[in-house]
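Hi everyone, thanks for making time this morning.

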Amino acid sequence: AVVQFDSWAVFHENASGAYYNTLKLNDLNNINELLVDAGISSEAELSKFSLNYEYASDTTKELVFKALRQSVISRGAHKVLVDIQKSMIDDSDVLTELIEQADLLLEQQIDDINTLSPYFSGLIDDISVDLSDEIYSVLLEDLRNDGANQLGLYADTSGYTPTTSIYDPISSSPTLDSEWQPLPGQTALTPYWGDVKTFATDVDQLLPESVVGPYLESGLLNNEYIDEINEVLDFSLSLSPHQRAIAEHWEGGENTFTPPGIWLQDLDSLITGNNLGLDETIELNFRTTQAMYDSSIAVWNTKYHFNSVRPGTSIRQFYADEQLLGGLVGSDFESYLPVPPFPDIASGHSGFSASFNSVLVDYFGSNTYGGSVVLADDSSLYSENGFDGLKNVGDDVTLTWDTFSQAAEQAGLSRLYGGIH
C-alpha cells in the first residue's frame, strides 16, 4: 500500500508521499523536463520521449500521462511482492500464486499500453521501470531500518524470555500465574514488534496505566479478574452454533493473516460496491493498511509491556481439581480456538478492527455497512460435526452487520467466544 501510494502521489497535484517526494509529474506539459531533472531513464530514451510527446495531441498526452502513472504504480506493487517472496516467506503457495496473478496483470497492462502508440508504449515501459526503481529504493532505505527485521524473517531481536511459572499444583493454596505462560511447543511471536517504527503513532502514549490481573496490589485475589475468566469459561462451555461461527469467521483459518486479511478482503468488496476509482482506491487502501499497521505495533507494545497471562491458563489453575459442566476437570480446559503464542492484553482483533472501522467511518462519512457472510454448517474447522455439533444436519450460519462498528465489535467479541481473551 505504501509503495502504491507514493507512486500515485508522484502524479497527484496535492498529495505528498509517505517516503518519496523527490519528483512531481502532475503537469501534462512538463513531464519530460521533470524526468530529465530527476535523472530518470537514459538520455536517448528521454530525447525520443520528448520529441514525440511535444507534437502529440492533448488527448494523447493525457493517455500517456495515465498510462505512465498506472505503469509506475503497478511496477512498484509488483516489486513489493517479489521482495517479500525473496526475503520474508519461504515456499509460500499463497504468495507464489499472488505473484503469478500480478505477473499476468502486469503483462496485460503492457499489452494495453502497446495499443496506445508505437512511439510511446516502449518508452512508457522503460521510464516506469526506472521511476518505480527510484521510488522503491527510497522506501527500502527507510523500511529496512524500521526494526521489523524483514531480512531476518522476523526473528526476535529483543531477547525476550517468558517468565517461569510460579504455580504449584501440589500446594494447598497455589499462587496463580500473573504473567504469560506459553503452551507446550509455543515460542513467543515477535516480542520486539512494539518497538518497530510506526507510521504516525506514538504507541507509548497509548499504554494504559495498568491491566486487570489475577491479584490486586495488596496481594489479594482480584475478584474482577475472576469474574472475567468465569465469563470466558461460561461461553466456552455453552457456545451456540452462531457463536462458534462468529469465533471461526474472525479467526480465519489456515493461510489467513487475521483479522487484517479478512478486513482487506472486505475492503475489496467495498471498493467495487462503491465504484471507487484509482485515486479513491489508493487513498483508502493506504489509510486502512497504515492504521492497522500502527495498531499492530501499539497492541504488541501493550502485550509485552504487561506480559499478561491468558485466561485459559488461569482457568486451568484456578479450577484445577474442580469438575466443570459436562464432567470436564478444570485442569483439562481447552479454548475453542487455537491459542496464539503471545501475551493476552491487548486484543489484536479488537485493535485491528477498531482502527479499520475508524478509517471507514471517516472516509465514507457514514457508519452504514450492510455486510454479510454465509458459513456452511460443515465448514467448521474446530467443531467435529459442524457448528451445531450434529452430524449430517444443521443450517448454514449467516453473519450480518448493519454498520462497520457492529462488525468491528463482533471481531473483538469473537476472541471471547474462542476462549482467547
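Before I name any elements, a word on what I mean by them: helices are DSSP runs of H or I with at least four residues, strands are DSSP runs of E with at least two, and the numbering goes from the N terminus. Please also keep in mind that this is a predicted model.

Let's start with the whole chain. The protein chain has 13 helices and two strands. Of its 421 residues, 45% are buried. If you take the contacts with a separation of 6 or more, residues 24 or more positions apart account for 74% of them. The chain exposes about 21,300 Å², and 49% of that comes from carbon and sulfur atoms.

Now for some backbone details. N307 is not a glycine, yet its phi is positive, about 50°. Is N307 buried or exposed? N307 counts as buried because its relative accessible area is 7%, and the cut-off for buried is under 20%.

L153 also has a positive phi without being a glycine, and here the value is near 55°. You'll find L153 in the loop between α6, residues 121-143, and α7. L153 has 42% relative accessibility, so it counts as partly exposed.

One more backbone point: where is the cis peptide bond? It joins I345 and A346, with omega at about 15°. A346 belongs to the loop that runs between α11 (311-318) and α12 (348-364).

That brings us to α11, so to speak, from both sides. This helix is mostly covered, with six of its eight residues buried. Those buried residues are P311, G312, T313, S314, I315 and Q317. Part of what covers them is α7.

And α7 has a story of its own. Helix α7 spans residues 223-237, and E228 is in it. What kind of charge gathers in the surface patch that includes E228? The charge is negative, and the patch is made up of E224, D227, E228, E231 and D234. As for E228, its relative accessibility is 36%, which means it counts as partly exposed.

Conventions. Residues are numbered from 1 along each chain as its sequence is written. This is a predicted model: local features need pLDDT of at least 70, side-chain atom pairs count only at pLDDT 80 or more; totals for chains, interfaces and linings use all residues. Side-chain values use heavy atoms; hydrogens and water are left out. Patches are made of residues with over 30% relative accessible area and no salt bridge: like charges are joined within 9 Å, nonpolar side chains (Val, Leu, Ile, Met, Phe, Trp, Tyr) within 5 Å. Accessible areas come from the Shrake-Rupley method with a 1.4 Å probe; for residues, only the protein chains shown count as cover. A salt bridge is a side-chain nitrogen of Lys or Arg within 4 Å of a carboxyl oxygen of Asp or Glu. Lys and Arg count as positive and Asp and Glu as negative; His and the chain ends are not counted. The place of a charge is taken as NZ of Lys, CZ of Arg, CG of Asp or CD of Glu. Buried means under 20% relative accessible area, exposed over 50%, partly exposed in between (1.4 Å probe, protein chains only). Contact means heavy atoms within 4.5 Å.
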